[in-house]
Structure formats: C-alpha cells, structure tokens
Amino acid sequence: MGAVIAIGALGGSGTRAIAQVLMDAGIYLGDSLNNANDNKLFTRLFKNPSFYNGAGKEEIQERLAIFEEYMRTDHLSPKSIKRLLKAAFDNPLARNSFTFNIRILYKTLSKPCNRQTWGWKEPNTQIYLQEIDGFFDNLKYLQVIRHGLDMAFSSNRKQLANWGYRYGIHIDEAATEQEIAYRQLEYWIQSTREVIEKGKHLRGDFLLVNHGEFCAQPEAQIDRMLNFIGADVSPEKRKALYDIPRTPRSAGRYRHHDLGIFDRSQLDFVREMGFDV
C-alpha cells in the first residue's frame, strides 16, 4: 500500500529543501510548484481564511477529493475542473494564472494514472491537518519547525496575518517591530503546540522535523525522513540527498536582537522544542 505524504510548517521554516529531498528521492509532489516548492494547487484550494471560516466538513472533503483526483490520477473530470476553477477564482490570496488555468483544462484530456505514493508541501497544510487525516487513510505527515526566535524576527509574516486570529493574535499598522516579533513568536508557539497535539491523535503517522538538525545532521535526519515515509533509496542516491541541506544565512539572526521583549514562558517553550536560547 502506498502513502500520502504531506509537509506543513510555518512559512519560512526551510521546507523547500525538505521537499527537494523527497522529490529527488522519487516522491511526486505535483506539477505546479513555486520557487519554494509549494504546491500551488493546494494553495488555491485551501489558503483562504474566508473559506476555512465558512466551510463545513463536506465542503473541505469535496476540495480534498478534487486535490486527490488531480494529484493521484493526473486527470480531472469536467465537474472537478469547474469546482477547482471557481475555488481558485474566489480565493483572494491566490493569483489568477493563465498557465495554471490551461494546465487544469488539459487534465480532462490526460490519460488517468494511479499513483500509489505521492504528496505535497505547502505550509498551510498544518491548518487543515485534522481534516486531511480524516480524509486519507494512509497519511504520513511531516511538521517542520525552525528556531522559534529566528521565526520571530522573520520578514515572512503571511501566516500570522492570515491565521493569527485563530489564536487571538493580530497585526495592526501601528505595531512596532518588537511588538510584531513578540506576536510572531507567540504564533509560532501556539501553532506548534496545536499541531503537535493534533499529531498525537492522528490515524496516520506524524513526524516532527527540526530544521536546524536537518541542516547540521543531514545524514541522520534524511535517513529518518526516508524511513518514515518508507522510501527505498539506493546508497548512491542517498549521498546526493545528503548534499541538499544548507544552513541558511539567516540562522541565528535572533542573536542580533533584544530577547528581553519576550516572556520567560515563551523562551522556555523554545528551549523545550530543542533550540538554544
């Protein structure tokens, strides 16, 4: 039996390289990816707080069924295409793309296949983890976490802006950089706690990936990931995969900032997650 592999995270956590490892290991992650290896089909269907707030279980499952049809069979029925294009058009956070629309329409002509193992990477996957686990019987989910203090001072604030309200965290124009950093860390803490708790109760399998360890210990961490997803990769191929992780230049940027703006409980949680402070 194959597996459905999903990678989620807070945006800016270094998931591009992790997705690249899986793709180079032979895992199909889609045919419409951005520079960060995000699956743009998932983005168009699900990166939409308005949809999330108003959708019931059946509506989410309907979109997951369209997503599975596209990813697993490389084909779409006319009915699915109509629903997909409407979802994309109604999503204010997804850019309309002529190339994407043509690709979608072409799926009615493609010969259906039946991929046994496939997956995707898109940070917003973590928002829908319970629904995804309820839909797929063979889910293997990887949650990537990067140092919370580096994330606090990241310029990538999209998830906080889009989903912070779920934890009562908001950004306003009057907020200072220190106030934003505080809220960024709090969002990292709350979202990490939530996804780890959800991970304990999944029907599928859950793996927490520390991005710092992924870069510092590529052999051990990549072997751990490949074993988790059940990928059969030759020793020669593994050597090439070990060369993919690179410590980003922004690693440790928190050292250039005043950590006194954070609460002790916040810093304690960062340490609890395995990061030095």
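Which residues form one aromatic cluster? I listed F42, F46, Y52, F67, W118, W120, Y128, F135, F136 and W163. For the pairing I took rings of Phe, Tyr and Trp (the six-membered ring for Trp) with centres within 6.5 Å; planes under 30 degrees apart are stacked, over 60 edge-to-face, and the rest tilted.

**Ground rules.** I am working on a predicted model, where local features need pLDDT of at least 70, side-chain atom pairs count only at pLDDT 80 or more, and totals for chains, interfaces and linings use all residues. Residues are numbered from 1 along each chain as its sequence is written, and side-chain values use heavy atoms, with hydrogens and water left out.

**Aromatic pairs.** I searched the whole structure and got 19 aromatic pairs. F67 and W120 are edge-to-face, with 4.9 Å centre to centre and 85° between the planes. This pair links distant parts of the chain, 53 residues apart: F67 is in helix α4 and W120 in strand β2. Helices (H or I, at least four residues) and strands (E, at least two) are DSSP runs, numbered from the N terminus. F67 and W120 are both buried, buried being under 20% relative accessible area, exposed over 50% and partly exposed in between (1.4 Å probe, protein chains only).

I then looked up Y128 and W163, which are also an edge-to-face pair, at 6.4 Å centre to centre and 85° between the planes.

**Sheet.** I found an open sheet of 4 strands in the order β2-β1-β3-β4, with parallel pairing. Two strands pair if DSSP finds at least two bridges between them. The edges are β2 (118–121) and β4 (205–210), each pairing on one side only. From one strand to the next the twist averages 15°. Helix α12 (residues 218–229) packs on the sheet and touches β1, β3 and β4; its direction makes about 165° with that of β4. For that angle, axes are lines fitted to C-alpha atoms, for helices over the stretch in contact, and angles run from 0 to 180 degrees between N-to-C directions. Contact means heavy atoms within 4.5 Å.

Strand β1 (residues 4–9) is joined to β3 (residues 139–145) by 6 bridges, and A9 has V144 as its bridge partner in β3. Between β1 and β2 I noted 4 bridges, again parallel, with I5 opposite G119 in β2.

Is β2 covered on both faces or on one? Both are covered: W118 and W120 on one side, G119 and K121 on the other, are all buried. In a regular strand the side chains alternate between the two faces of the sheet.

**Cores.** Which residues touch the most other members of the largest nonpolar core? In that core of 56 residues they are W120, Y128, W188 and F262. Helix α10 (residues 177–199) gives the largest share, 7 residues. Another core lies apart, with 28 residues, among them I7, I18, L22 and C215. A nonpolar core here is a set of buried Ala, Val, Leu, Ile, Met, Phe, Trp, Tyr and Cys residues joined through side-chain atoms within 4.5 Å. In helix α1 (residues 15–24) I marked T15, A17, I18, A19, V21 and L22 as buried. After α1 comes G26, with a positive phi near 100°.

S191 lies in helix α10 and counts as buried at 4% relative accessibility. The S191 side chain reaches the backbone oxygen of W188 at 3.3 Å. Such a polar contact is a pair of N or O atoms within 3.5 Å; within protein, one must be able to donate a hydrogen and the other to accept it, and residues adjacent in sequence count only if both atoms are side-chain atoms. Not counting residues up to four places away in sequence, S191 touches Q126 and Y167.

T73 is in helix α4 (residues 57–73) and is buried at 11% relative accessible area. The T73 side chain reaches the backbone oxygen of E69 at 2.4 Å, and a polar atom of that side chain lies 3.1 Å from the backbone oxygen of H75.
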